[in-house]
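Q: Can you walk me through this one? I'd like the packing and then the sheet.

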Amino acid sequence: MKSKISLFNKAVWKRNVTGGWGLWSGLLLFYILVLPVSLYGSMVQMIRSNVVDKPSEAIYPFMMVDNLWRMSFYVPIFAIAALFCAMYVFSYLFTARNSNMMHTYPINRLSLFVTNYVSGLAFLLVPAVLAALLTLAGGASLGVVTGEVVRYYMLWILTAAVENMFFYSMAVCLLMFVGNIFAVPVLYLILNFLYIGCIVILESIVGMVCFGLESGSLFRDSVNVLTPIAYLDNVGVRALVYDRMDIEYELVRMHVLPGYFVAAVVFVLIALAAYGKKHIETAGDVITVNWLKPIFRWGLAVCTASLGALYITLVFDSKSFVLLICSVIVIGAAAFFIAQMLLERSVHVFTKKRLRECAAYSVMICALYMALNMDVLGLEKKIPPADQVQAVRVSGAIELLSDNPKRMDWVHGLHSQILASRKELKRAWKEDTIGWSVSIDYLLKDGSTFRRSYRIPETNEIFAEIKEYAKLPEVQLEQMFGIHYPNVEVYGGIFEYYTKDGAYSGSKRISQTQANQLFEAVKEDINNGRGATKLEQYEETASTQTDTSIGNLMLELRDEAGFMSAQNYYSGLSQYNSSDLAKDGEVRIEVDQRYASLLEKLYELNILEKEKEE
């Protein structure tokens, strides 16, 4: 009779449970304290103090759900606990002695792997599930549990199970390729933030070398599913609270959970395959698989060299490409051999083979940086086709936010002029010539964004053109009153008074009738060339070292199409297609002697007194 191959070993399970009692009991205590104990105590205190009349009101079910779904708190706990559990159940892989002893027992590797994996997963899931059920029981004893609450608790248990399984499977898979106990947590952290880290390094280098590009101009949505700890923070149930009795819930990013579950299964299969072929004598090595060692060497060298070169250029406040490339070569070579020392656990790594490999690395990395500096990929020269743009925003020397074809054509032409003068502007940029920044953002018709940022010297003719365009009355009015001007309605306002030294001294409410009269006065001043652009106000203040403003006029207006103003810091192209864009807005005008018609109207309406102004 053939003997059966068991996938589960009771002796190993018992060893893990008894030996790892500190892990699972600590997790159980933690979850019980932060869920049933904390929540039950808070609700009992509220009921006894009569904060809410009836326990059945919506505030208590809301507390039950809201306190549970604070995933930004739980996700890091899941990730850290998963690492510790994986390191414990597979701890024998860190030393050759323990590894040899464990594999001499009459247990095949498949059974050993499955038992250890299930043990660690149980350490993670059982405390979380038990704490959630105890919280439900506590809420039920107070009569505050509804069908909706039960539904979201079951959903939380499922979400927590998938996320714990994902992080745990990732840690187990990593352990099959890393044999050093100190390297595991470091590489686990790197693996979780590898994507976003590479993006930040890439964008920083591109911003340092390429004119017009800056960090964030290439990859706007850097935090995505490839950065699990950061991305899973916002996965779950979000409460929309209108008032105490009107609370709704929405599911946020829950569609990604099946993908993370599949990834966890893939990690497990890879780990199982690697464990089956794992060499016992590699226990204690930083990297236990030979084909991963070059990746480790080169990866550490590239990342360390890039970060080190960026730091040096920042310390010396230099945009010199020569300094950058020299720093990359020196730091990269040092990191390359340090990585080899870690791999071999020896300082005798300067062999001919490694010296040749380091030389090849240096040549390749220099070629990449040279290609970037010469703009081989055309990043500096790239500009979106005009027919693919649906809105633009320009900030810096001019504040402009518009979907007007006339404005977009001007911005496109301005961008073309900048690219035509690229060599001159790039030289001035590297020499830190005094100038104004001009950031150009395009919202494309496919929903993506395109951004470039430049420094324009004040002596350049492009800067003069920007100043002249900013003075155009229609540009100033659209800048002040939103992209849909003149289709706006003014319905009120406030005038803020300031003393000569710039201190706030009070305010006065303005009626709708008065606000409309002041609105017309502002338009008259701007149409007659008496308005002040942001650039002019800055230059005058810088030259006189004094603030010439008399006060601030705040006009409240309504735009049925959705209010968006270039003066509002929070308005941007990301809001352009928003369905819930606010219709009400506020416009702030710094009043000075330049606004003759506005001042006359302020005196006429007794909002501003001659004595106060003087």
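Q: Which residues touch the most other members in the largest nonpolar core?
A: W156, F167, Y168 and M176, in a core of 94 residues. A nonpolar core here is a set of buried Ala, Val, Leu, Ile, Met, Phe, Trp, Tyr and Cys residues joined through side-chain atoms within 4.5 Å. Buried means under 20% relative accessible area, exposed over 50%, partly exposed in between (1.4 Å probe, protein chains only).

Q: Which helix gives the largest share of this core?
A: Helix α7, residues 147-175, with 17 residues. Helices (H or I, at least four residues) and strands (E, at least two) are DSSP runs, numbered from the N terminus.

Q: Before we go on, what kind of model is it, and how are things counted?
A: This is a predicted model: local features need pLDDT of at least 70, side-chain atom pairs count only at pLDDT 80 or more, and totals for chains, interfaces and linings use all residues. Residues are numbered from 1 along each chain as its sequence is written, and side-chain values use heavy atoms, with hydrogens and water left out.

Q: Back to M176. What does M176 touch?
A: F90, L93, A271, A274, Y275, K278 and T288, not counting residues up to four places away in sequence. Contact means heavy atoms within 4.5 Å. Apart from that core lies another, of 30 residues, and V488, L518, V587 and L602 are among them.

Q: And M87, where is that?
A: In helix α4, residues 71-89. M87 counts as buried because its relative accessibility is 13%. Leaving aside neighbours within four places in sequence, M87 contacts F94, L175, I181, V184 and P185. M87 and P185 are 98 residues apart along the chain, yet their C-alpha atoms are separated by 9.1 Å.

Q: R354: buried or exposed?
A: Buried, because R354 has 13% relative accessibility. R354 is in helix α14, residues 352-373.

Q: What does the R354 side chain make a polar contact with?
A: The side chain of E357, at 2.8 Å. A polar contact is a pair of N or O atoms within 3.5 Å; within protein, one must be able to donate a hydrogen and the other to accept it, and residues adjacent in sequence count only if both atoms are side-chain atoms. R354 also touches R297, F336, F337, Q340 and V349, not counting residues up to four places away in sequence.

Q: Now the sheet. What order do the four strands take?
A: β8-β7-β9-β10, as an open sheet with antiparallel pairing. Two strands pair if DSSP finds at least two bridges between them. The edge strands, each pairing on one side only, are β8 (504-510) and β10 (584-591).

Q: How many bridges join β7 to β9?
A: Eight, between residues 489-498 and residues 551-558. Y497 stands opposite G551 in β9. β9 and β10 also pair over eight bridges, antiparallel. There, L557 has G585 of β10 as its bridge partner.

Q: Which β10 residues are on the covered face?
A: G585, V587, I589 and V591. The uncovered face has D584, E586, R588 and E590. In a regular strand the side chains alternate between the two faces of the sheet.

Q: Last one. How many helices and strands in the chain?
A: There are 22 helices and ten strands. Buried residues make up 49% of the 614 residues.
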